[in-house]
Every structure is written in C-alpha cells, then in structure tokens.
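This report describes one protein chain from its fold down to single residues. Please look over the sequence and the model before reading on.

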Amino acid sequence: MIRYYYYLLKKRVSPAKARLFFNTSNSSRRKKNKILSKTGLTISSQTAIVAPFYFEFGNINFIGDVLINTGCNFLDNEIITIRTGTMIGPNVTLTTVSHHTDPTLRHGANIIAPIEIGENVWIGAGAVVLPGITIGDNSVIAANSVVTADVPANCLYAGTPAKFKKSL
C-alpha cells in the first residue's frame, strides 16, 4: 500500500516500476489503473486488465470499456489505440516494432508503426498483431493468428498469416 501512495505522489512513474506494481500488487483495479496512467498510458475507469500485463513505454490508449486478458505483451514503441468494446484474449502480442529481413539492415533502424484497433473487436488467445495494422470495428481475429495486413470492419480473419474467412 505504501508503494501506491509513493507512486501516486510522483508526477511520472517509469513503465518498469508501474508494470511491477500492476503485476504484483493486490490493490484495486482503480488504483492499479491510476499508476499505469502515470507512465503516459491513457486508460479509462471501464478498462479491465488481468495481470500479468507487459508493456514497454506507456504508448497505449485504452478508450472506454476494454478487456485485456492475462499474459498480454504490448511492444509499444509507437502508439497502440484500442477502442471501446474490444476484448483481447490471453497471451496476445501487439507489436509496433519489427526488424528488416535484409541481414545488412537488420541491426540498424527498426521498423516502427502504430496499431489501431476499432470498436467491439475480439482478438483470440495467442494472436500476434504486427506493426502498422488497423483492425476495423466488430472484427474477430481467431486464436493463434498472425495479423500481417489490415483487417476491414465486420470480418473474421484466421490463420498464419491471418486471412479473410467470412463477413460478420
């Protein structure tokens, strides 16, 4: 409890300290979300995140009623935006950073691009969403899929790489 009040008094909390507090504290969801917001992460009171939850920088916008299930990894070198009604299953990875495939470029500058997830999206367990992806409203990403291209609204995508299966 003392850690909570200490972090509450600070203007900014490092993502590493906020992650540790979030993943190990028995504090309420409201208190945990308050500390997460001190990293730069935007989070509403309706957002529910199940520990453990991993992120790097706090470049995440949770807008409205969002559910993040256990064990998710968000590599947020660029902004990740997740809109209301979205549910993200356990062990999902959202990554805004990647590397070049050319070996001469691989150790140079990274490929960095934001991720946009619309309203009422469902991303199944173990899915991976790569940099620069936009997932449209009401779409579903099946479990263990790898999303390598934008997903239009009202669609089911599945597989590796994720492909269109049907309209919803």
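Which residues does Phe62 touch, not counting residues up to four places away in sequence? Phe62 touches Leu41, Thr42, Ile43, Ser44, Thr47, Ile49, Phe53, Ile68, Phe74 and Ile82, where a contact means heavy atoms within 4.5 Å.

The model is predicted, and local features need pLDDT of at least 70, side-chain atom pairs count only at pLDDT 80 or more, and totals for chains, interfaces and linings use all residues. Residues are numbered from 1 along each chain as its sequence is written, and side-chain values use heavy atoms, with hydrogens and water left out.

**Overall form**

The protein chain has 3 helices and 18 strands. Helices (H or I, at least four residues) and strands (E, at least two) are DSSP runs, numbered from the N terminus. Taken along the principal axes, the C-alpha atoms fill a box of roughly 50 × 45 × 20 Å.

Of the 168 residues, 42% count as buried. Buried means under 20% relative accessible area, exposed over 50%, and partly exposed in between (1.4 Å probe, protein chains only). The accessible surface of the chain comes to about 8,400 Å², of which 57% belongs to carbon and sulfur atoms. Areas come from the Shrake-Rupley method with a 1.4 Å probe, and for residues only the protein chains shown count as cover. Among contacts with a separation of 6 or more, 25% are between residues 24 or more positions apart.

**Core and nonpolar surface**

Phe62 and Phe74 have the most contacts inside the largest nonpolar core, which has 38 residues. Helix H2 (residues 15–24) gives the most to this core, with 3 residues. Such a core is a set of buried Ala, Val, Leu, Ile, Met, Phe, Trp, Tyr and Cys residues joined through side-chain atoms within 4.5 Å. In soluble globular proteins, nonpolar side chains tend to be buried together.

Trp122 is in strand E12 (residues 122–123) and counts as partly exposed because its relative accessibility is 47%.

Thr81 lies in strand E6 (residues 80–82) and is buried, with a relative accessible area of 6%. Leaving out residues up to four places away in sequence, Thr81 touches Asn61, Ile63, Ile115, Glu116 and Ile117.

Glu116 also forms a salt bridge with Arg83, the closest N and O atoms being 2.9 Å apart. The pair links distant parts of the chain, with Glu116 in strand E11 (residues 115–117) and Arg83 in the loop between E6 and strand E7 (87–88), 33 residues apart. A salt bridge is a side-chain nitrogen of Lys or Arg within 4 Å of a carboxyl oxygen of Asp or Glu, and the count by this rule comes to 1. Glu116 is partly exposed, with a relative accessible area of 28%, and Arg83 is partly exposed at 29%.

**Backbone exceptions**

Most residues other than glycine have a negative phi, and most peptide bonds are trans. The table lists exceptions.

| Site | Feature | Angle |
|---|---|---|
| Ala51 to Pro52 | cis peptide bond | omega near 0° |
| Thr160 to Pro161 | cis peptide bond | omega about -5° |
| Asn120 | positive phi | phi near 55° |
| Asn144 | positive phi | phi about 65° |

Pro52 is in the loop between strand E1 (48–49) and strand E2 (53–55). Pro161 is in the loop between strand E17 (155–158) and strand E18 (163–167). Asn120 is in the loop between E11 and E12 and is partly exposed, with a relative accessible area of 42%.

Asn144 lies in the loop between strand E15 (140–141) and strand E16 (146–147) and counts as exposed at 54% relative accessibility. Not counting residues up to four places away in sequence, Asn144 touches Ala125, Gly126, Ala127 and Thr160.
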